[in-house]
Amino acid sequence: MKRIAVMTSGGDAPGMNAAIRAATLIGRAAGADIVGIERGYRGLLEDAFVPLGAQDVAGILREGGTILGSARCKEFHQRDVRDRAREILARREIDGLIVIGGNGSLTGAMRLADASEVGSGRPLKIAGIPASIDNDLGLTGLSIGVDTAMNTIVEACDKIADTATAHDRTFIVEVMGRDCGYLAMTSAIAVGADLALFPEAGKPESEIVDQIVDTVIAVRTRQQKRARRVIIIKAEGVQMQIDRLKVAVDARLRERQPEAEPSAIETRVTVLGHVVRGGRPSAFDRLLGSRLANVAVRALLAGVSHRMASWMPPVELPEEVGMRSPADPYCWLVDLSAVLVETENLLKGRSPLARWRAGAFDQIEDALLL
Ligand code: F6P
């Protein structure tokens with residue numbers, strides 16, 4: 001293994017730079033040449049390679065985003081486009097590729113190194129590093145960026161809670177997470193929110209509206225001074241558009257409480273949007289990025305391919321699916337195709353993990369949120 005390329009792809013996540021830095025420094029120390037590919041698969045198709053040395057990664061550990069840039073590249077679904085990418089990698093004499101990203105990015109890596117497509121072409125070893133604030137990848141307990149995103153949400157909601165309390169208001173705060181409710185569920189617990197709405201619950205719109213209204217009335221009838229504010233965290237994956245949700249909630253509150261003060265029935269909404277994806281990585285995301293990259297680069301150097309470095313999978317893994325990393329007992333090397341299957345199961349609510357997450361949240365919700 002002489003030359004390893006590193007790319008970040010898809011939605012950026014705080015901590016990606018820590019992974020780039022660790023792959024560069026550890027790979028170089030082991031005698032490999034490490035190069036970066038800018039802007040993910042799009043940059044690969046544009047032959048946008050840059051050398052990566054100690055100087056290039058100095059001081060990046062604390063920076064959010066990714067120094068390599070990132071992109072979404074729909075064309076990569078086409079076989080002829082992947083052939084072009086393989087030609088470029090061969091011309092650049094790349095032996096191994098580390099892809100730091102989420103579901104789509106890791107799927108791209110699998111296709112790129114698919115034996116039936118590579119044929120007699122130059123063989124390519126691949127390693128994935130899970131990075132997505134959504135925490136929607138299978139077979140890893142956490143992905144890079146999740147912890148920072150959660151901290152950002154908590155900080156924002158704490159601020160919202162101050163003004164909400166001052167005005168006796170109800171806020172619905174929408175957070176990113178694509179089709180996965182993990183960020184909404186976990187940050188609701190950390191914030192002490194009154195309700196979390198997440199797509200895995202599969203509730204129809206009218207039930208969601210009722211749930212919010214019941215929560216608002218329950219909190220307001222408790223009459224505790226510090227409980228006058230109502231904070232509801234909504235995952236973006238809950239399909240009902242937030243402004244429409246506000247109108248429906250206010251109308252239902254007015255019906256149920258015709259005598260109430262306006263502040264008790266005028267809901268405010270805040271969409272945190274891309275704020276959740278930015279910012280300096282937390283200490284944990286710096287550590288996670290560094291440790292997963294250590295495991296990924298060492299796997300490639302040892303000739304292991306088609307694996308994803310994983311942080312303590314939250315399920316027991318049979319031997320053929322994953323093995324504990326010899327380099328780090330908290331990290332695993334899991335089969336990349338099994339990751340993609342498990343990710344789909346997770347998103348469709350079919351995996352034991354999806355059921356466990358929703359069940360564990362329900363128990364905590366009953367005890368803490370209301
Ligand atoms: O996957 C990360 C993520 O931030 C999701 O939470 C969100 O739905 C999506 O990316 C937004 O993508 P874009 O930045 O391309 O609009």
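The model is predicted, so to speak of local features requires pLDDT of at least 70, and side-chain atom pairs count only at pLDDT 80 or more, while totals for chains, interfaces and linings use all residues. Residues are numbered from 1 along each chain as its sequence is written, and side-chain values use heavy atoms, with hydrogens and water left out.

Around the ligand stand Arg72, Ile133, Asp134, Met176, Gly177, Arg178, Glu236, His274 and Arg277, each with a heavy atom within 4 Å of it. This shell has five charged residues (Asp, Glu, Lys or Arg), two nonpolar ones (Ala, Val, Leu, Ile, Met, Phe, Trp, Tyr, Cys or Pro) and two polar ones (the others, Gly among them). The ligand lies between domain 1 (3-145 + 281-349) and domain 2 (150-278), because both give residues to the shell; the bounds come from an automatic or database domain assignment.

Some residues make polar contacts, pairs of N or O atoms within 3.5 Å. A ligand oxygen is 2.5 Å from a side-chain N or O atom of Glu236. For Arg72, a polar side-chain atom lies 2.9 Å from a ligand oxygen. Gly177 uses a backbone N or O atom, at 3.1 Å from an oxygen of the ligand. Of the 400 Å² of accessible area that the ligand has on its own, the protein covers 75% (Shrake-Rupley method, 1.4 Å probe).

Elsewhere, Met185, Glu200, Leu346, Ala354, Arg357 and Ala358 are the residues with an atom within 4 Å of a grid point of the largest cavity.

Key. Polar contact = N/O pair within 3.5 Å; in protein donor to acceptor, adjacent residues only side chain to side chain. 1 Å grid on protein atoms, 1.4 Å probe; cavity = no way out; pocket = protein on both sides within 12 Å on 5 of 7 lines; lining within 4 Å.
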